[in-house]
Amino acid sequence: MHRCELDPEILSNDRLSISLAEFDRLLSTVSVLLDDEASGFYSRPFKQGTFAMSCHAMIGAPTLRKAIKRNIRFYSLFQNGLIGEITELGEEVTLTYKLENAKQLNEAFIVSSLFIVIIRLASWVIDRPLLLDRINLTFDKPAWADVFDDMFPCQHFFNQPTNSIVFSRKFFDMPNVQTPHTLTEFLRDAPTILLTHYQTDNSLTATIQRMLLKENSVEKLPFEIVAERLFTTTQTLRRRLKEEGNTYQEIKDKVRRNQAIYHLLELKTPISQIVALMGFSEPSAFTRAFKKWTGMTPGNYRDANTKARS
């Protein structure tokens, strides 16, 4: 802290904070002093240059899917207590990270930091924000959970069996638009670029998702009213959503899906009641939609997650 010209009292006073530039300087200094780009979070250090080499491994991948697979494979070689897994079911991709946490550090901070890096690195690969459906977290809701909406503008589920990031499969199929030249520029500005770029909190998709979550039923909010609340025309809003890789119907489906999962797993709501709450005319229609979303029926999905928690 002294080397970074920061007052150590910041560590013990919750009313004090540091700027993004100061945090960047602190991260860089700790990384150099420990010769560990992960700041001592994991069982073994990531020597200087590890992150750069992981990016070099990703740069020739044709799609985000291949790039993430290479990233997970690269870090698996270090046996550092962090294991990444990819699951594709229905329209969803789930990136799950198992953390050994041998040093018994603050898991909420470690996982949140890891997810920020993974999400924004993926966003850089496709050069557009990776719009999240939800994140699952194994720890209790932290005291600072109010900042989760800014870091991860999606639904958050705490006390889950795994730490995982869930997003639409269509992002996985998007091309890797980066080149060795853009990688050089990216690494020159790292890690600052991961703190400041590809934040999705201002995306229209995230804004509309939050808007829908405040409604008792997603069907009660017509597209015209959404455009009106955002002070734009339906034509402009439709075009801007398309640029983000979404449609209004897709956003509604994601909100409906996440609400259904919340009722299934957290509230233990009977499936027959979820059908009505989600606005489906009959159970079979809900079952077809849910299987399309997740690759599983509602009952099987609940059973699988119940077993994972036991």
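**Note on helix packing, the nonpolar core and selected residues**

1. L95 touches I68, E85, I86, I118, N163, S164, I165, F167 and F172, where residues up to four places away in sequence are not counted. Contact here means that heavy atoms lie within 4.5 Å. The model is a predicted one, in which local features need pLDDT of at least 70 and side-chain atom pairs count only at pLDDT 80 or more, while totals for chains, interfaces and linings use all residues. Residues are numbered from 1 along each chain as its sequence is written, and side-chain values use heavy atoms, with hydrogens and water left out.

2. L95 also belongs to the largest nonpolar core, which has 52 residues; L95, F115, F152 and F186 touch the most other members. The largest share of this core, 13 residues, comes from helix α4 (residues 107–126). A nonpolar core is a set of buried Ala, Val, Leu, Ile, Met, Phe, Trp, Tyr and Cys residues joined through side-chain atoms within 4.5 Å. Buried means under 20% relative accessible area, exposed means over 50%, and partly exposed lies in between (1.4 Å probe, protein chains only). Helices (H or I, at least four residues) and strands (E, at least two) are DSSP runs, numbered from the N terminus. In soluble globular proteins, nonpolar side chains tend to be buried together.

3. Helix α4 also packs against helix α2 (residues 50–59), at an angle of about 40° and with the axes 12 Å apart. This makes α2 oblique to α4. Axes are lines fitted to C-alpha atoms, for helices over the stretch in contact, and angles run from 0 to 180 degrees between N-to-C directions. Angles under 35 degrees count as roughly parallel, over 145 as roughly antiparallel, 65 to 115 as roughly perpendicular, and the rest as oblique.

4. On the α2 side of this contact are F51, C55, M58 and I59, which meet V117, L121, W124 and V125 of α4. By class, the contact has eight nonpolar, no polar and no charged residues. For these classes, Ala, Val, Leu, Ile, Met, Phe, Trp, Tyr, Cys and Pro count as nonpolar, Asp, Glu, Lys and Arg as charged, and the others, Gly among them, as polar.

5. Is helix α9 (residues 204–213) mostly covered or mostly uncovered? It is mostly covered, since seven of its 10 residues are buried. The buried residues are L204, T205, A206, I208, Q209, M211 and L212. Their cover includes β3 (132–136), α10 (223–229), α11 (234–243) and α12 (248–265). An α-helix has 3.6 residues a turn, so residues three or four places apart point the same way.

6. With α11, helix α9 forms an angle of about 115°, and the two axes are 9 Å apart. The two helices are therefore roughly perpendicular to each other. L204, T205 and I208 of α9 make the contact with L237, R240 and L241 of α11. These residues divide into four nonpolar, one polar and one charged.

7. N246 is placed in the loop between α11 and α12. This residue is buried, with a relative accessible area of 3%. N246 touches L131, K170, T205, L241, I251 and K254, not counting residues up to four places away in sequence.

8. Helix α12 packs with helix α14 (residues 283–294) at an angle of about 100°, with the axes 11 Å apart. The pair is therefore roughly perpendicular. D253, R256, R257, A260, I261 and L264 in α12 meet F286, F290, W293 and T294 in α14. The contact comprises six nonpolar, one polar and three charged residues.

9. H263 is another residue of helix α12, and it counts as buried at 17% relative accessibility. Leaving aside neighbours within four places in sequence, H263 is in contact with K268, T269, I274, L277, M278 and R302.

10. Phi of D35 is near 50°, a positive value in a residue other than glycine. S39 likewise has a positive phi, of about 55°, although it is not a glycine. D35 is partly exposed, with a relative accessible area of 27%, and S39 counts as partly exposed at 21%.
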